[in-house]
Amino acid sequence: MGELRVFTAYIIFIVAAEVVTSFLDPGYGLLFHSLILISLLVLSSLKHGENPVSRLYLSLSLAPLIRIISLAIPLNHFPSYAWYIVVNVPILVASVAMMRVQGIGFKDAGVVFRKPLEVAAIALTGIPFGFIDYFILRPEPLDIGLSFWNLVFLALGLGLSTGFVEELVFRGIMQRDAVEAFGERRGLIGVALVFAALHIGWLSILDLVFVFSVGLFYGFMTLKKGNIIGVSLSHGITNVVLFMVAPAVNLI
Amino acid sequence: MISTVTTTITVATLSAGAMLGAMSTVLLIFLLASKEMVDADTRQSLRMLGRTLNIGILPLLISFALTVSFKILEVL
């Protein structure tokens, strides 16, 4: 019970750090996230004997790390179509380092290619999710004035790097550890809350509710199917529809 | 604003790029110094901490290398 309170407290800290980043100052937000990161790494090491919670605190440290990296990388030197790949490479490196420390492989994290029809069915949920998200957020299109190959690069960056890396972090690593530490229901809800918290930057309550629901859906699918390929593709397709397809179609 | 979980780009973050880069460099130095210290110890929890610090160090090193590379290119 005590460990569940600590986990809940860290979710609240991550929410607070995101609020500071989005509403006050990104610098203070980076400082707040850095403190959360350091305390999680220390706490995980101190709890080394109690494996499930130690692993959870360690994997939870990826949440503040994601925000620190996304704020620290000098993106203004890169063309906008390359931003997603540039940010996701260091996060993928951190995820692989995390898996090595925890002694798990990609297979354990749910990167398993099987049952292609099931995977395709889950992946296709990305189309309605993308349109719903577009109607909530109405983001500016990312692909204005890009050449064909730059469009392909942007679609690959959005579709593969954000979809795969984010699902590897949240469902493949973090949810795996949370479920092991606190059971399916609490683990699933806790990680969906962390996932939603990292969308506070959109400044939309409706989007937070939507993202939390999608996080629960992806988490449930990962638990039941035992792999993250379908939800990774769905996540990637959601982002491509949100930033490229829906603004181009412009239904309303 | 353009944002996914992993990519948050706002006018504020782009204009504060140098300051955020400097802050992340301070964090990198702190993590590297901590790693040096805990690696010298033989206690198991500290050895574990030394390994877990790599999780923060590696992505920050990539970010730092990118920042330094662009600064050098600017000077050239």
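A crossing of two helices counts as left-handed if the near helix is turned anticlockwise from the far one by less than a right angle, and as right-handed if clockwise.

**Entry: ground rules.** I note that this is a predicted model, where local features need pLDDT of at least 70, side-chain atom pairs count only at pLDDT 80 or more, and totals for chains, interfaces and linings use all residues. Residues are numbered from 1 along each chain as its sequence is written, with chains lettered from A and ligands numbered from 1 in the order written.

**Entry: a helix pair.** I looked up helix 2 (residues 26-46) and helix 4 (residues 62-72) of chain A. Helices are DSSP runs (H or I, at least four residues) and strands are too (E, at least two), numbered from the N terminus. Helix 2 of chain A passes helix 4 of chain A in a left-handed crossing. Among the residues making the contact are Leu30(A) and His33(A) of helix 2 and Leu65(A) and Arg67(A) of helix 4. Contact means C-beta atoms, placed from the backbone, within 7 Å.

**Entry: chain A with chain B.** I found 49 residues from chain A and 37 from chain B in the contact. On the side of chain B that touches chain A, helix 3 of chain B gives the most, with 17 residues.

**Entry: Met174(A).** Which residues have the most contacts inside the largest nonpolar core? They are Leu62(A), Val169(A) and Met174(A), in a core of 89 residues. Such a core joins buried Ala, Val, Leu, Ile, Met, Phe, Trp, Tyr and Cys residues through C-beta atoms within 7 Å. Buried means 20 or more other C-beta atoms within 10 Å of the residue's own. Helix 8 (residues 148-182) of chain A gives this core the most, 13 residues. Leaving aside neighbours within four places in sequence, Met174(A) touches residues including Ser59(A), Leu60(A) and Val191(A).

Technical notes:
Axes fitted to C-alpha atoms, helices over the stretch in contact; angles between N-to-C directions. Contact = placed C-beta atoms within 7 Å. Buried ≥ 20, exposed ≤ 12 C-beta atoms within 10 Å, placed from the backbone.
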